[in-house]
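Dear colleague,

Please find the structure below, handed over for your files. My notes on what was found in it follow directly after.

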Amino acid sequence: MIYKLIKDNVKYDGIFLILLFIIIISTFTIISPCFFSIMNFKNIILYSSAIGIIALAETMVIIMGGLDISVGSVYALAGIVVAKFHTIVGLKYAILLGLLVGVIFGLINGLSVTKLKINPLITTIATMSIARGLAFVVNSGSTAAILDPVFGKLGRGMIFGLSNQIWYYILAFIIFYIIMKKTIYGKSIYAIGSNERSALFAGIKVDKIKLMTYVLSAIIAALVGIIQTSQMGAGAPQAGIGLEMSVIAAVILGGTSLDGGKGTIIGTTLGVLLIGSLNNGLLLKSVSSDWQNIITGGIMLLAIAGDQLRKEID
Amino acid sequence: MKQDKRVLEMKKINKSFYGVKVLHDVNLTLKKGEIMALLGENGAGKSTLMKILNGVYKKDSGAIYIKDNKIEISSPKIAKNHNISMVFQEIQYFPNLSIAENLRFGVGKNLHQRLNWKELNQWAANILKKFNIDINPRTKMKELSVGTCQIITILQTVSADNKIIVMDEPTAALNASEVEKLFNIIKQLKESGISIIYISHRLEEIMEITDSFTVLRDGRVVGSGSIPEINKSELIEMMTGKKPAKLEISSNYKKSKEDIIFEARNISKKDSYKNVSFKLYKGEILSISGLMGCGNKEILRTLYGIYENESGEMYINGKQRNITSIQKARKNNIGFVPEDRKNAGILNILSVLDNITVSNWDNLNKFGLFNSSEAKKSVNNWIDKLNIRMSGNIDQEIVYLSGGNQQKVILARWLEADCDILLLDEPTFGVDVGARYDIHKMLRNLAKKGLSIIIVSSDYEEVMDVSDRIIVMCDGEIAGEIEGSKASKEVLLEMALGGCGEYDL
């Protein structure tokens with residue numbers, strides 16, 4: 001009976017995600033009076049934006065059949081490098097230095113995966129450890145403050161009543177959406193994830209595209225790390241510990257296959273916002289963060305299991 | 001007397017999926033020690049019928065008798081209890097376990113018991129010895145060739161005392177000597193009274209190994225009888241419902257110097273081929289033939305930049321070119337259709353549209369974006385021209401197409417990329433007779449329009465059917481050359497075995 005119901009009515013990938021989203025929003029709207037407001041939605045997006053932007057690039061890596069778990073550490077290292085060096089080399093060069101952290105780690109990841117053929121999980125566990133270690137070394141393990149008012153605008157400024165970070169997220173969403181949906185680069189990523197050998201034989205520049213994508217992922221992580229440093233007014237070596245797990249969780253929740261070849265930017269964004277809404281709603285009801293973790297994990301299992309069930313029936 | 005020889009009877013089997021009838025009153029009879037060919041194009045209902053026999057699908061109506069006892073096969077386990085087993089085309093085994101262990105799993109009984117390793121290995125060694133396979137049973141499966149693994153998988157079903165074995169394309173991954181081995185095993189099984197249902201697209205093998213045939217078309221039995229009383233073209237006619245037309249080869253290429261599009265001069269690769277020189281003319285189909293391991297496959301891969309050429313020169317349109325990577329081959333407008341379609345050809349979870357356009361994406365770029373309207377237009381054009389059949393539209397994932405149609409998609413990919421030289425490794429591997437004829441006809445048409453084609457195929461019929469010219473290799477060296485129209489299987493084999501020189505033209 002339930003099988004038939006699902007089979008006849010559910011035709012789209014990720015329909016469970018949307019259903020869950022609606023259920024979560026309606027539930028919190030009923031039980032928490034301040035949940036359903038423009039103000040609160042802005043908050044949800046604002047607090048989701050860091051994970052959200054990194055998750056967009058991670059989506060590309062995972063669709064390509066790869067994985068990048070060094071993002072949280074690169075994020076922290078870039079942030080503390082800017083905070084530490086802005087007094088020494090000036091703000092402009094400090095930011096460039098922060099981005100360079102991204103480029104270098106992206107190159108290490110990309111070259112290890114393409115040239116040395118090291119498994120991406122192993123490669124990025126190693127670089128995750130290296131970047132985290134460096135983040136502690138740079139300022140001897142303590143937080144570095146950055147009080148430059150111009151730099152502060154980057155993360156804390158507002159345009160048309162919306163926080164800059166929300167604008168960044170919207171902009172990043174549009175750019176990544178176009179890349180994955182409309183460009184040859186995006187299509188090549190799907191092709192590589194679908195079957196790398198076939199893609200190679202069809203004439204796709206597999207190594208070049210993989211390298212580009214790992215570099216992109218690391219640069220995005222560094223950039224978001226710099227923006228967060230601006231918002232906090234300080235770079236902390238322990239920033240973003242566990243960030244990579246939230247990022248990957250959102251990507252998978254959004255329907256991207258860890259086997260590669262499948263996934264969408266919209267799906268990932270829905271995944272990010274779902275987790276964001278859930279955490280926000282639980283916070284409004286003063287649920288402890290331990291319970292938040294348990295509930296978020298449960299919801300994830302439910303969404304993925306539902307989607308899997310639909311595929312099996314299909 | 002005749003009655004007890006009958007081991008299996010399937011009577012008036014009907015089956016529908018989602019209201020579409022795929023089997024209509026199908027009857028099939030198998031005698032003791034008989035090898036029966038089950039024939040039909042893709043989608044004719046062969047695998048559905050066999051899955052019913054193995055309890056994977058349930059029949060809608062009809063009856064199955066084993067030795068005149070009516071039985072219901074509602075699960076693969078019950079099929080096994082009735083000593084029926086199936087060897088699938090895609091073999092499954094445990095690569096990190098030994099041959100003995102893999103054979104033991106085939107028996108499937110008392111798996112939880114403690115193993116006596118000595119006994120187990122002795123038992124496995126006996127089986128291997130019985131079938132003249134000279135390998136230590138302790139060898140891990142992953143150290144064996146794909147073909148040997150296939151043979152071990154077949155022995156798995158034998159070790160379990162099966163009386164009826166279904167083999168689905170068992171020779172698809174085997175080379176010539178392994179096919180020989182397999183046939184010896186099959187003959188031994190036949191002698192010990194085991195009955196075999198043999199599914200294959202290779203009619204050559206069917207004629208050699210099977211005793212009888214049953215042909216399915218669109219879910220109906222359209223013919224059955226004994227093999228010695230029928231010939232190949234009659235079988236093809238039954239399968240396709242059409243009289244097989246002989247391909248007309250109107251070689252219209254010119255053997256002039258200006259028309260040499262590709263030339264290899266003394267190319268060598270250690271342990272693969274040495275001092276190979278040949279010319280490819282514009283608009284011709286050239287086959288590089290020879291026995292397995294003669295180096296022809298390696299040459300094809302070198303021309304596409306997958307392998308590095310170690311010495312000698314290659315010329316394209318008279319200019320020397322170093323093809324050191326696939327990218328360089330693509331820049332010289334060379335295309336390649338690999339043998340391993342599933343792992344090296346199709347982009348399995350992408351659409352037909354993407355699969356056809358992938359090698360031309362750089363040209364379908366409009367202001368940095370993918371020009372999908374133009375892509376759709378040309379894809380629809382190829383689907384019409386190549387008669388690619390699929391149930392959905394061009395956004396359908398390619399995995400849902402039959403092997404023949406997938407191969408046509410790969411061909412369309414290189415036509416879309418507008419390549420000048422097309423290299424094909426086993427162009428009709430695992431493709432049914434109808435699609436095979438389509439592909440051959442298509443290749444002839446393309447050559448006529450000026451495409452230059454090099455084919456490597458282990459199928460002599462195919463080589464003779466489509467080639468303008470055939471080069472035969474023996475042990476890495478060119479043994480001779482012959483016009484396609486003058487070739488015969490005997491001549492090709494003789495040259496391949498080393499009777500060099502005599503047939504030089």
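A salt bridge here is a side-chain nitrogen of Lys or Arg within 4 Å of a carboxyl oxygen of Asp or Glu. By that rule, Arg6(B), Glu9(B), Lys11(B) and Asp68(B) are linked in a network of salt bridges.

Some conventions come before the rest. This is a predicted model, in which local features need pLDDT of at least 70 and side-chain atom pairs count only at pLDDT 80 or more, while totals for chains, interfaces and linings use all residues. Residues are numbered from 1 along each chain as its sequence is written, chains are lettered from A and ligands numbered from 1 in the order in which they are written, and side-chain values use heavy atoms, with hydrogens and water left out.

Salt bridges

Over all chains, the structure holds 24 salt bridges. Glu9(B) is buried at a relative accessible area of 11%, whereas Arg6(B), at 21%, counts as partly exposed. In these terms, buried means under 20% relative accessible area, exposed over 50%, and partly exposed in between (1.4 Å probe, protein chains only).

Asp468(B) forms a salt bridge with Arg444(B), at 3.0 Å between the closest N and O atoms. This pair links distant parts of the chain, 24 residues apart: Asp468(B) is in the loop between α16 (460-466) and β21 (469-474) of chain B, and Arg444(B) is in helix α15 (residues 433-448) of chain B. Both Asp468(B) and Arg444(B) are buried. Helices (H or I, at least four residues) and strands (E, at least two) are DSSP runs, numbered from the N terminus.

Glu481(B) and Arg469(B) form a further salt bridge, their closest N and O atoms being 3.0 Å apart. Glu481(B) lies in strand β22 (residues 477-483) of chain B and Arg469(B) in strand β21 of chain B, so the pair ties together parts that are twelve residues apart in sequence. Arg469(B) is buried, with a relative accessible area of 3%, while Glu481(B) is partly exposed at 24%.

The interface of chains A and B

Contact means heavy atoms within 4.5 Å; on this basis 23 residues of chain A are in contact with 31 residues of chain B. The two chains bury about 2,100 Å² between them, 59% of it on carbon and sulfur atoms. Buried area is the accessible area (1.4 Å probe) that two parts lose on being put together, summed over both. In chain A, Ile184(A), Lys187(A) and Phe201(A) lose the most area to chain B, together 33% of what that side buries.

Three salt bridges are counted between chain A and chain B. The side chains of Lys205(A) and Asp362(B) meet in a salt bridge (4.0 Å, N to O).

The nonpolar cores

A nonpolar core is a set of buried Ala, Val, Leu, Ile, Met, Phe, Trp, Tyr and Cys residues joined through side-chain atoms within 4.5 Å. The largest has 151 residues, among which Phe262(B) and Phe278(B) touch the most other members. Helix α3 (residues 38-63) of chain A gives the largest share of this core, eleven residues. A second, separate core of 44 residues includes Leu103(B), Phe131(B), Leu189(B) and Phe213(B).

Helix α1 of chain B

Helix α1 (residues 46-53) of chain B is mostly covered, with six of its eight residues buried. Just after α1(B), Gly55(B) takes a positive phi of about 80°.

With kind regards
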